[in-house]
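Thanks for coming. Please have the viewer open.

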There are 2 protein chains.
Amino acid sequence: MNPPLLLVNATLPDGRRVDIHVRDGTIAAMGDLGATKPTGVERIDLDGAIVIPGLVDGHIHLDKTLLGLPFIPHLPGSSVAERVAAEKTLRRSLTMPVEQRAIRLVAQVVASGTIAMRSHVDIDDLVRLDGLHGLLKVREAARDHADIQIVAFPQSGIVTLPGAADMLDQAVRDGADLVGGLDPAGFDHDVDGHLDVVFGIAERRGVGIDIHLHDFGPLGCSELRRIAERTAASGLGGRVAVSHAYALGGVDDGEFGRTAEALARANVAIMTNGAGPVPMPPVKRLAAAGVTVFSGSDNIRDAWSPYGSGDMLERAMLVGYRNELSSDEDLALALSLATTAPAKVLGIETYALAPGMPADLVAIPADSLPEAVVDHPRRKLVMKRGRVVAVDGSLLAPLKI
Amino acid sequence: MNPPLLLVNATLPDGRRVDIHVRDGTIAAMGDLGATKPTGVERIDLDGAIVIPGLVDGHIHLDKTLLGLPFIPHLPGSSVAERVAAEKTLRRSLTMPVEQRAIRLVAQVVASGTIAMRSHVDIDDLVRLDGLHGLLKVREAARDHADIQIVAFPQSGIVTLPGAADMLDQAVRDGADLVGGLDPAGFDHDVDGHLDVVFGIAERRGVGIDIHLHDFGPLGCSELRRIAERTAASGLGGRVAVSHAYALGGVDDGEFGRTAEALARANVAIMTNGAGPVPMPPVKRLAAAGVTVFSGSDNIRDAWSPYGSGDMLERAMLVGYRNELSSDEDLALALSLATTAPAKVLGIETYALAPGMPADLVAIPADSLPEAVVDHPRRKLVMKRGRVVAVDGSLLAPLKI
């Protein structure tokens, strides 16, 4: 167990200046500690930085990243299927094991204040369960830096790929936390066949669901409503998410309203990373309709995109910028996409800065949370389970596997 | 004059490792200097960072920024006219002079490697020429940090604002480098009346033009073609730019093609900052059509937007991300928006890293230029006129006025 310590001159989001006493991995006390201030423990001066309970990345692909390798030029592909094929070609040429690439990405995101994340991992005919087994090792190696949830992701389809359904089922039995899906119509051309497998595994194994959905327009919206129906029918409300859901951007008000209402009623969450060139789910309208919206980094320097830093505060800025979230209230919504919303989706019930809660936190040198979002300055300190893991944007010690 | 110095271990974009001998504000020699390497001068080790001739910001509003003040919550406005009114209300409450706010922004952008910029300055019935006179002082105070070009910008219109035309003319006589315009149709409701004033001043005073155009769709495209016609008729080709030009995003191929061709033929440049929520000019299609496209920060923490860092490498990333510029060739195009393209638009004829050229440069710790764009790491060193002005993202000495 790590020695106790005292964070002094922390600023809470409401402006109060407090000290935080950390002991046995939890927040022992917080406030103007006065006479109860512990003595003889290490003191760290946060110099007024704002403290929140850490950033949460709701969607990352730890297995795909090319970090640790020389910069590999991007090869464009014009459809999901083309890109899947291009990625497989690239992957065959990689000699660095998935664990080595993934751990570098974990280190990078932790340095920016992420204390928990949901990573998808490709399950297909090429890697089979190797990527999963690699990420299970990464999850263990990184357990004192971040909590990692793993989604078994059928990147090459289910219905159209012999053996995929069995591999997904095996992946969950081997330790994946959720089962994923991919464009039931656009990729697999069989919406119910695809969802039968996904919901079947989820119900049989008692796990949640997170489906990639890139299909646009009314087709994508009809898939979203079908997912909502099946969620309600299976009693999985609160444990189902759809990632990207571009379809929610660029449809008419009627189509949008029907779909948002179905998602809210079934308690299906929507993940958006503020994609650059395509229509995106309108965050404010969805939130107003009662839909849980959260965010994630998505691709970070991999076969799908050369972009991405893994900094969830920068991501909140980007999604906010794309959605014209500009008032203080709107910027709070942008920040929630990287904090409370993904914490809820990931089922982190202890996500709060309060005595008795885990000492997971990030300190941001900004005068207010709206300023923290727009400026996303280098993090002053990151703490996981009561231990300081990063200072001034850098890990204190290398994260190894 | 500053003492000579030697930058060692610089990497050129083509991968060559060189030393750069800087003397009397210019690059005296560059390459493997061997026996000609100067002795007895200060040596600065760039540790392999890539060196380019500095970043150029093609569109900034130095007078609008609220930097230096506590974070002021954003008040949304749904039209250009509403926002102009909201800005005037806010401006009446400001007590910090424009010079003090603007110099902070200059310091911030210089720290990220910007060595030249084009700033618009509001000319209206409230500030009249006060903002211009403030920025003229800022230009002088910052002359050893960055070259500043000033556009007299009619933020409250021309035709609809009595006295505006005379103020713009006076602004140019007082030292503004270009004359601006604003939505000739959407704001002033008189395209030719507006352009008569703008082109009239440009021709009479021998200055260039940079017009803000937010009008969408076919209306905006028709204005772009009218501007192209008047540019050709007045012989001002190469000295006229249109900023934003949202209309070029979201029109059909015929409308786009006609307009892009007219702009290319008349040599009218287009500025895009990769605006978040609105359609944007398609950078790659415009470049392919022969149109000069450049970028700029636009609003940085002001009444128009709480967002913005002033980092033109981050801006290149953002515009690239919005335009899905992902291959190495495409990322080179993204970088050009913040380097060669605005340098050409601003008329910087010495924009090159070569012996005899001004020693204006930025060193970026990245393995390649594509990586520099996607990662936009903190700048290792910024040099202006042969003097090191910033190291590791911070100015060496405060910039004062």
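Over all chains, a search of the whole structure finds 60 salt bridges, where a salt bridge is a side-chain nitrogen of Lys or Arg within 4 Å of a carboxyl oxygen of Asp or Glu. This is a predicted model, so local features need pLDDT of at least 70 and side-chain atom pairs count only at pLDDT 80 or more, while totals for chains, interfaces and linings use all residues. Side-chain values use heavy atoms, with hydrogens and water left out; residues are numbered from 1 along each chain as its sequence is written, and chains are lettered from A and ligands numbered from 1 in the order in which they are written.

One of the salt bridges joins the side chains of Asp375(B) and Arg301(A), at 2.7 Å from N to O. That pair crosses between chains: Asp375(B) sits in helix H12 of chain B, and Arg301(A) is in the loop between strand S13 (293-294) and H9 of chain A. Helices (H or I, at least four residues) and strands (E, at least two) are DSSP runs, numbered from the N terminus. As background, side chains of opposite charge can pair when their charged atoms come close.

How many salt bridges does the rule find across the interface of chain B and chain A? There are 6. Glu324(B) forms a salt bridge with Arg83(A), and their closest N and O atoms are 3.0 Å apart.

On the side of chain B that touches chain A, the elements giving two or more residues are helix H9 (312-322), helix H10 (328-336) and helix H12 (369-375) of chain B. The largest share, 7 residues, comes from H9(B). By class, that side has 14 nonpolar, 9 polar and 10 charged residues. Here Ala, Val, Leu, Ile, Met, Phe, Trp, Tyr, Cys and Pro count as nonpolar, Asp, Glu, Lys and Arg as charged, and the others, Gly among them, as polar.

The contact (heavy atoms within 4.5 Å) takes 33 residues from chain B and 33 residues from chain A. About 2,900 Å² is buried between the chains, with carbon and sulfur atoms giving 54%. Buried area is the accessible area (1.4 Å probe) that two parts lose on being put together, summed over both. In chain B, Phe71(B), Tyr307(B) and Tyr321(B) lose the most area to chain A, together 27% of what that side buries.

On a 1 Å grid over the protein atoms alone, a cavity is a set of points where a 1.4 Å probe fits but cannot get out, and a pocket is an open set with protein on both sides within 12 Å along at least five of seven lines; lining residues have an atom within 4 Å of a point. Grid points are joined across faces, edges and corners, and a volume is the space filled by probe spheres set on the points.

The second largest pocket holds about 660 Å³. Of its 34 lining residues, Arg83(A), Tyr246(A), Pro277(A), Trp304(A) and Glu324(B) lie nearest the centre.

The search also finds 5 cavities of 30 Å³ or more. The largest cavity has a volume of about 140 Å³, and H9(A) gives the most to its lining, with 4 residues.
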